[in-house]
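Hi,

Here is the structure I said I would pass on. Have a look first, and my notes follow below.

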Amino acid sequence: MISLRVGLLGAAAFSAPVIFLATTGKGSTERPLPVADDMKVTLEYTLMLSDNQVVDSTAGQEPITYVHGQREIVPGLEKALTGMKPGETKRIAVPALEAYGPYDPKKRITVPKDKIPAGAKAGTRLRSKEGQETTVLEVKGDSVVVDTNHPLAGKNLVFDVKILKVESVSKPAK
């Protein structure tokens, strides 16, 4: 399995948010909040390709947390999660165009071999200083062909998700 947690969530920075749950106003009975923009969502998921090959999962790991509506997860998944409540599960099919986009052959580029770590061969996954992921496709002479598409570009995805928690996040005063 390849870990797509960074690709799925992005690199979000939270600066001391204050978390609170909505209450009904009658004692301490809490009303579950639906997933909506600017809500902190915690969920478990299994990510599969359309042939049911598991690509990533939180099974046996910590669930993921993100802020809904902030483009921290793939757009098609975020859209499908809107309105779900804690405890709900759902299978969500996300077409490539609403996930990591189409596969772009122009993102296959040739670079000088001395710009690639020694020992890299076809199939080696690399990450640039800027965080760009690439996959070595071919080593030929003094050059290397790399693919800078996301590993899931052009692929339709299927997510099995379970919403664990939905919380309001108040932004700290400036």
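Helices here are DSSP runs of H or I with at least four residues, strands are runs of E with at least two, and both are numbered from the N terminus. Reading from the N terminus, the order is α-β-β-β-β-α-β-β-β-β-β-β.

Some housekeeping before the details. This is a predicted model, so to speak of local features we need pLDDT of at least 70, side-chain atom pairs count only at pLDDT 80 or more, and totals for chains, interfaces and linings use all residues. Residues are numbered from 1 along each chain as its sequence is written, and side-chain values use heavy atoms, with hydrogens and water left out.

**The chain overall**

Of the 174 residues in the protein chain, 34% are buried (buried is under 20% relative accessible area, exposed over 50%, partly exposed in between, with a 1.4 Å probe and protein chains only). The accessible surface of the chain comes to about 10,600 Å², and carbon and sulfur atoms hold 52% of that (Shrake-Rupley method, 1.4 Å probe; for residues, only the protein chains shown count as cover). As for contacts (heavy atoms within 4.5 Å), take those in the chain with a separation of 6 or more: 70% are between residues 24 or more positions apart.

**The sheet with β6 to β9**

Strands count as paired if DSSP finds at least two bridges between them. By that rule, 4 strands form an open, antiparallel sheet in the order β6-β9-β8-β7. Its edges are β6 (108-112) and β7 (125-127), each pairing on one side only. Neighbouring strands in this sheet are turned by 40° against each other on average, direction ignored (axes are lines fitted to C-alpha atoms, for helices over the stretch in contact, and angles run from 0 to 180 degrees between N-to-C directions).

β9 (residues 143-147) is joined to β6 by 5 bridges, the two running antiparallel. Across that pairing, I109 has V146 as its bridge partner, and T110 has V145. Another 5 bridges join β9 to β8 (residues 133-140), again antiparallel, with V136 standing opposite V146. β8 and β9 form a hairpin with 2 residues between them, and G141 in the turn has a positive phi of about 60°.

How enclosed is β9, and what about its two faces? What I found is that 5 of the 5 residues of β9 are buried, so the strand is largely enclosed by the rest of the structure. Both faces are covered, with S143, V145 and D147 buried on one side and V144 and V146 on the other.

Over in β8 sits T134, which is buried at 13% relative accessible area. Setting aside neighbours within four places in sequence, T134 is in contact with T124, R125, L126, V146, D147 and T148.

**One aromatic pair**

Searching the whole structure gave 1 aromatic pair. Rings of Phe, Tyr and Trp (its six-membered ring) pair if their centres lie within 6.5 Å, and planes under 30 degrees apart are stacked, over 60 edge-to-face, and the rest tilted. The rings of Y45 and F159 have centres 6.3 Å apart and planes at 55°, so this pair is tilted. Y45 lies in strand β2 (residues 39-49) and F159 in strand β10 (residues 157-170), so the pair ties together parts 114 residues apart in sequence. Y45 is buried at 2% relative accessibility, and F159 is buried at 0%.

Cheers
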